[in-house]
Amino acid sequence: MIGVAIATVWWTLGFNFVLYLAGLQEIPRELYEAAAVDGASNWQQIKSITLPLLGRTTTLVILLQIIASLKIFDQVYLMTNGGPGISTQVSLQLITGVGFTDNRLGAASAASVLLFIVIVAIAIIRQIVERAAAKREMGA
C-alpha cells in the first residue's frame, strides 16, 4: 500500500503544484515590498504573508486529495489488484467486484451511494470550516 500511495502522490503532484502556483500568483507583490521595507527577512515574509494567504489553496488541495483517495481505483488495480488477499483493496474495487463479479447490483449501488455521501460530507465539513475561519478573520 505504501508503493501505491507513493505512486498516487507522484501522479497528483503536478496538479497540486499548478494550484499552488495559481495561489502564489494571487498574492499581491506590494505585501512583500512593504514587508521588505519594514525589515522583514525572507523567512518572516514566508511565515507572515505567503503561508497565511495560501491557506485556502491548502485546504482545497487537501480536500481534492481526500476525494481522490476515496475514489482511487486504477493505480491499485494495476499495481496490486487488491492483493495480497484484500489488503490493498479500495472502496471502488469492492464496489466493482460486488457489482460486476458477484452480480449484486443492489449492494454495489448502496455502497456507491454511501461513498457519495461520505465525499459530500467531507466537502460540506470543509466548507463549514472555511466559513467559520472567514468569520473569525472578519471579526478579528
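Colleague: Where's Ile117?
Modeller: Ile117 sits in helix α7, residues 105-139 (helices are DSSP runs of H or I, at least four residues, numbered from the N terminus). This is a predicted model, so local features need pLDDT of at least 70 and side-chain atom pairs 80 or more, while totals for chains, interfaces and linings use all residues. Numbering starts from 1 along each chain as its sequence is written, and side-chain values use heavy atoms, without hydrogens or water.

Colleague: Switching topic, how do α4 and α7 cross?
Modeller: The axes of α4 (residues 55-70) and α7 come within 10 Å and cross at roughly 170 degrees (lines fitted to C-alpha atoms over the stretch in contact, angles from 0 to 180 degrees between N-to-C directions). That makes α4 roughly antiparallel to α7, a label for angles over 145 degrees.

Colleague: Which residues make the contact?
Modeller: Among them are Leu60, Leu63 and Ile67 of α4, and Val118, Ile122 and Arg126 of α7 (contact means heavy atoms within 4.5 Å).

Colleague: What does Glu130 form with Arg56?
Modeller: A salt bridge, the closest N and O atoms being 3.1 Å apart (a Lys or Arg side-chain nitrogen within 4 Å of an Asp or Glu carboxyl oxygen). Glu130 in α7 and Arg56 in α4 are 74 residues apart.

Key: Helices (H or I, at least four residues) and strands (E, at least two) are DSSP runs, numbered from the N terminus. Angles under 35 degrees count as roughly parallel, over 145 as roughly antiparallel, 65 to 115 as roughly perpendicular and the rest as oblique.
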